[in-house]
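Good morning, and thank you for coming. Please keep the sequence and the model in view as I speak.

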Amino acid sequence: MHSLFTLRRTLISGVVLLIFLTGCTRISSTDVGSGLIPAIDGVITKDTILDVLTDTYEDFDSTRIYKSDNQLLGYINTDPLFGKTQASLFFELKPSSYPFYIPGHKDSIVVDSAVLILSYKGLYGDSTAPIRLNVFEIDNNTPLEQYRAYPSNYSSAVNINLGQSLGPSRTFDIRRLGDSVNNRYENAKNQIRIPLNKSVATRFLKTYDSTNAYLTDSTFRLYFSGFAVTADAAGANALLKVNLADTNTKFALYYSSSSTGATQRDTAVSYFRMNTVNSGNINQVLRNRTGSEAAKYLTTTSKSDSLVYVQTTPGTFVRVRIPGLQSLSNRIIHRAELIAEQVPDDANLNTFEKQMVPPRYLLLSRYDSAIKSKRNIPNDYTISSSGPNISSFGGYLSSKAIQGYDNIAAYTFDLSRYVQGIVTRKDTSYTLRLSAPANDSLYYTPPYPGNTSNSLYYLNPSVGNDVGDGRVRLGGGTHSRFRMRLRVIFSRI
């Protein structure tokens, strides 16, 4: 009888304990690595939210845009959050070899036309607004430096002068730029075709062919310093992506001639293209945030803002400080993640929010002011032979249904090992930087205990963003609804 009573009491106690534990369990989701995190029961496994301090800064580091990158061309004239952007192209297209000759019997050449063709790779902004483009030649007194990687904020007004216009301005319907082109010379699509004055064709087909202009590359550059393509501000609200190194980009010279001097004539075309070794180019991308919402939050002080702004380079970045980290006691860190969420622009949800989309990738790093360079987040951001561990570390754009909105941008970062090092080994808690890189670099230090070496790692657009593509307004550390925060799931030792 006593054994039966003891058994019943044990069973009842077990049921009560199970009910108690079930009642205390708090189901909580995490954005990265949820499959490896134990249930949070408030007794063994707990979670806490650490406040972050955030503020927005202008990124004065000069972004380099290389010949093989997608370049920007256009004008964003109306962006209430980030202001205006003007993007222009300066570049050289050249014969395939020297000395160069126009094929055919010289005296029989009849000039047809000249067309500047740019390889179209997409856009950022509003495709419904037409864009008006202008083509000039670069003044021979200010030639491009062939082997220089120019910064995107290079001022053409001071350093590169525009020469004569090579043709009337042309207006394009951006929605039609992907259409196919089919003629006897082209079977292509995604081309921006800008007809130039017939006098330009005559100059390259007849005048230059009668001189030493095509003798060598250096002599050709004395005659022609390259093309400048700009966009008008009026009405435009998009940046076109153009690839100068693509075979779709070329300067086409159309003509007819007789190869034998007989009456039968042949129609022909000669192409000049980008030489990725010795063709100079500048992609100038100039930001003007005057009057924009972001301009009100740009700071050089240590105050924490409720709204922060990230614009793809050349753009803005956010400084992130987590003052509570250094005082955390030693514990087992199951997961620590920084969560950043978009604050929707309610006044423009159906217009600009769909056109000026967020960056596809944000980089969380620490900034070393001594060497003026970014460094990786210790222990969590790692680089192997296959590249950085972005898929597990975080930073890729995702979407959430939250706070009454069906689709807002969100970014999360796994800082578990970084935080573990701080609480266990008393590693340094750094000031962090949240940016949207295009062409960038950081100094990489391997995880503990192999953290004794450094190497410079380059971040190209394949592991970042296309230049100028993306901007997002995020909730800062003091925002009431979309607060940036560090969530820590842990067990006490």
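This is a predicted model: local features need pLDDT of at least 70, side-chain atom pairs count only at pLDDT 80 or more; totals for chains, interfaces and linings use all residues.

**Backbone, contacts and a pocket**

Let me begin with Q403, which counts as partly exposed because its relative accessibility is 37%, between the limits of 20% and 50%. Q403 sits in the loop between β24 (398-402) and β25 (405-414). Its phi is near 55°, a positive value in a residue other than glycine. To see why that deserves a remark, recall that most residues other than glycine have a negative phi, and most peptide bonds are trans.

Where is N190 found? N190 belongs to the loop between β10 (187-189) and β11 (191-195). N190 also has a positive phi, of about 60°, although it is not a glycine. With a relative accessible area of 27%, N190 is partly exposed.

The bond from Y98 to P99 is cis, with omega near -10°, and P99 lies in the loop between β4 and β5. The bond from Y448 to P449 is cis as well, with omega near 10°; P449 is placed in the loop between β27 and β28.

I turn now to salt bridges. How many salt bridges does the count come to? The count comes to 25 salt bridges. One of them joins R483 to D51, with the closest N and O atoms 2.7 Å apart. This pair links distant parts of the chain: R483 is in the loop between β29 (471-475) and β30 (485-492), D51 is in strand β1 (residues 45-51), and 432 residues separate them. R483 itself is partly exposed, at a relative accessible area of 28%.

Another salt bridge is formed by R221 and E92, whose closest N and O atoms are 2.7 Å apart. Here too distant parts of the chain are linked, since R221 is in helix α4 and E92 in the loop between β4 (84-91) and β5, 129 residues apart. Are these two residues buried or exposed? R221 has a relative accessibility of 17%, so it counts as buried, and E92 counts as buried at 3%. The pair is also part of a network of salt bridges that links E92, K94, D217 and R221.

A further example is R417 with D380, where the closest N and O atoms are 3.7 Å apart. R417 is in helix α7 (residues 416-425) and D380 in the loop between β21 and β22 (383-384), 37 residues apart. R417 is partly exposed, with a relative accessible area of 44%, whereas D380 is buried, at 6%.

Next come the aromatic rings. The structure holds 24 aromatic pairs. Among them is the pair of F82 and Y309, which is edge-to-face, with 5.7 Å from centre to centre and 75° between the planes. F82 lies in the loop between β3 (71-76) and β4, and Y309 in strand β17 (residues 307-311), 227 residues apart. F82 is buried, with a relative accessible area of 1%, and Y309 counts as buried at 0%.

F224 and F227 form a pair as well: their ring centres are 5.0 Å apart and their planes stand at 70°, so this pair is edge-to-face. F224 is buried at 2% relative accessible area, and F227 is buried at 0%. Both residues belong to a cluster linked by ring pairs, which also includes F91, F100, F204, Y208 and F272.

F204 leads us to helix α3 (residues 198-207), where the buried residues are V200, A201, R203, F204 and L205. What do the buried residues of α3 pack against? Their partners are β5 (110-125), β6 (131-138), β7 (162-165), α4 (217-223), β14 (250-257) and β15 (266-272).

Finally, let us consider the largest pocket, which has a volume of about 360 Å³. It is lined by 17 residues, and the closest to its centre are S62, T63, N439, D440 and S441. Strands β21 (373-375), β27 (440-444) and β28 (455-459) each supply at least two residues of the lining. How do the residues of the lining divide into nonpolar, polar and charged? Four are nonpolar, seven are polar and six are charged.

That concludes my presentation. Thank you for your attention.

How values were computed. Residues are numbered from 1 along each chain as its sequence is written. Side-chain values use heavy atoms; hydrogens and water are left out. Buried means under 20% relative accessible area, exposed over 50%, partly exposed in between (1.4 Å probe, protein chains only). Helices (H or I, at least four residues) and strands (E, at least two) are DSSP runs, numbered from the N terminus. Contact means heavy atoms within 4.5 Å. On a 1 Å grid over the protein atoms alone, a cavity is a set of points where a 1.4 Å probe fits but cannot get out, and a pocket is an open set with protein on both sides within 12 Å along at least five of seven lines; lining residues have an atom within 4 Å of a point. Grid points are joined across faces, edges and corners, and a volume is the space filled by probe spheres set on the points. Ala, Val, Leu, Ile, Met, Phe, Trp, Tyr, Cys and Pro count as nonpolar, Asp, Glu, Lys and Arg as charged, and the others, Gly among them, as polar. A salt bridge is a side-chain nitrogen of Lys or Arg within 4 Å of a carboxyl oxygen of Asp or Glu. Rings of Phe, Tyr and Trp (its six-membered ring) pair if their centres lie within 6.5 Å; planes under 30 degrees apart count as stacked, over 60 as edge-to-face and the rest as tilted.
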